[in-house]
Amino acid sequence: MFVLSTKKRNILVCLLLVVLAAVGGVLATDYFDDRIRSLPIGNETKEVPHITALCYHEVTPARPKDIFNVPPDQFRSHIRQFREQGCNFIDLQDIEEYVKHNKPLPEKPVLIAFDDGYKDNYTYAFPILKEEHAKASFFVVSHSIGAENRMTVSDLKEMVAAGFKIGSHTVNHEPLTSMSDKQLDYEFKTSRDELQKLLGIKVYCIAYPCGFANDEVMKEAKKYYDFAFIASIDPHHPQTLFNINRYGVFKWNTRVASIFRQTAFK
Ligand SMILES: [Zn+2]
């Protein structure tokens, strides 16, 4: 029998997401609506911040044809284009302070975030972000730290010391919607605790692997985090603090105008 490894399966799930996004808004919107309920959790009334939250993966010159890879020159160009558009970069701490203390966010706030903790985030994106004086945040899979092609504890500590923020991307990067509450608790609590211990930071938010969540996932996430991100291509999708929209940035997004078409700013 043909059996896919967990890693290959996850890559396939992510690829499916991309294909859906590319096929058309209507189909994809229906798909997301089916998977992600829009009802607020419990008595949550806090307003969701009106931000453009982005999800990058790899930033390397090595694989120019990989759709998940935004090569370094293109990434630097994105930062400059956002600035030209009057955007202000924010990070996870800014959102935390907004959520917990009502601290206002700047005009046109853009969250640059990276998923999965790839080594090239440290090698290529980190120097560019420092040179451009841009804030950014990194969602890290706790059991992938130090693995092949992934950032090490030392890399992450250096980035934290330079002011960059870290969020959880679970322990194992498995799809969450089919997990029991016990498994969800493990993925949420253990990843948070490991990141906090390894890096000496406070971790208060999570990005769900592949952007999927449902009511049960969000309810469990709320036990350990203050807010969480899904992936959605629909800027009008109803949001709560535990399904804040985030938009995947891909190789074909050469101009940030193509990103704004998916987001709140027009
Ligand atoms: Zn991921």
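Trainee: Is Asn-243 buried or exposed?
Mentor: Keep in mind that this is a predicted model. Asn-243 is buried, because 31 other C-beta atoms lie within 10 Å and 20 or more is the cut-off for that.

Trainee: Where is Asn-243 found?
Mentor: In the loop between β7 (227–229) and β8 (247–248).

Trainee: OK, other loops. What about the phi of Cys-210?
Mentor: Positive, near 60°, and Cys-210 is not a glycine. Cys-210 sits in the loop between β6 (205–207) and α8 (215–224).

Trainee: Which of the two labels, buried or exposed, goes to His-133?
Mentor: His-133 is exposed, since it has 9 other C-beta atoms within 10 Å. Cys-210 has 22 such neighbours inside 10 Å and therefore counts as buried.

Trainee: Switching topic: which residues touch the most other members of the largest nonpolar core?
Mentor: That core has 64 residues, and the ones with the most contacts to other members include Leu-54, Ile-112 and Tyr-208.

Trainee: What does Tyr-208 touch?
Mentor: Leaving out residues up to four places away in sequence, Tyr-208 touches Leu-176, Ala-213, Val-217, Ala-228, Phe-229 and Ile-230.

Trainee: And how many helices and strands are there?
Mentor: 9 helices and 8 strands.

How values were computed
Residues are numbered from 1 along each chain as its sequence is written. This is a predicted model: local features need pLDDT of at least 70, side-chain atom pairs count only at pLDDT 80 or more; totals for chains, interfaces and linings use all residues. A nonpolar core is a set of buried Ala, Val, Leu, Ile, Met, Phe, Trp, Tyr and Cys residues joined through C-beta atoms within 7 Å. A residue is buried if 20 or more other C-beta atoms lie within 10 Å of its own, exposed if 12 or fewer, and partly exposed in between; C-beta atoms are placed from the backbone. Two residues are in contact if their C-beta atoms, placed from the backbone, lie within 7 Å. Helices (H or I, at least four residues) and strands (E, at least two) are DSSP runs, numbered from the N terminus.
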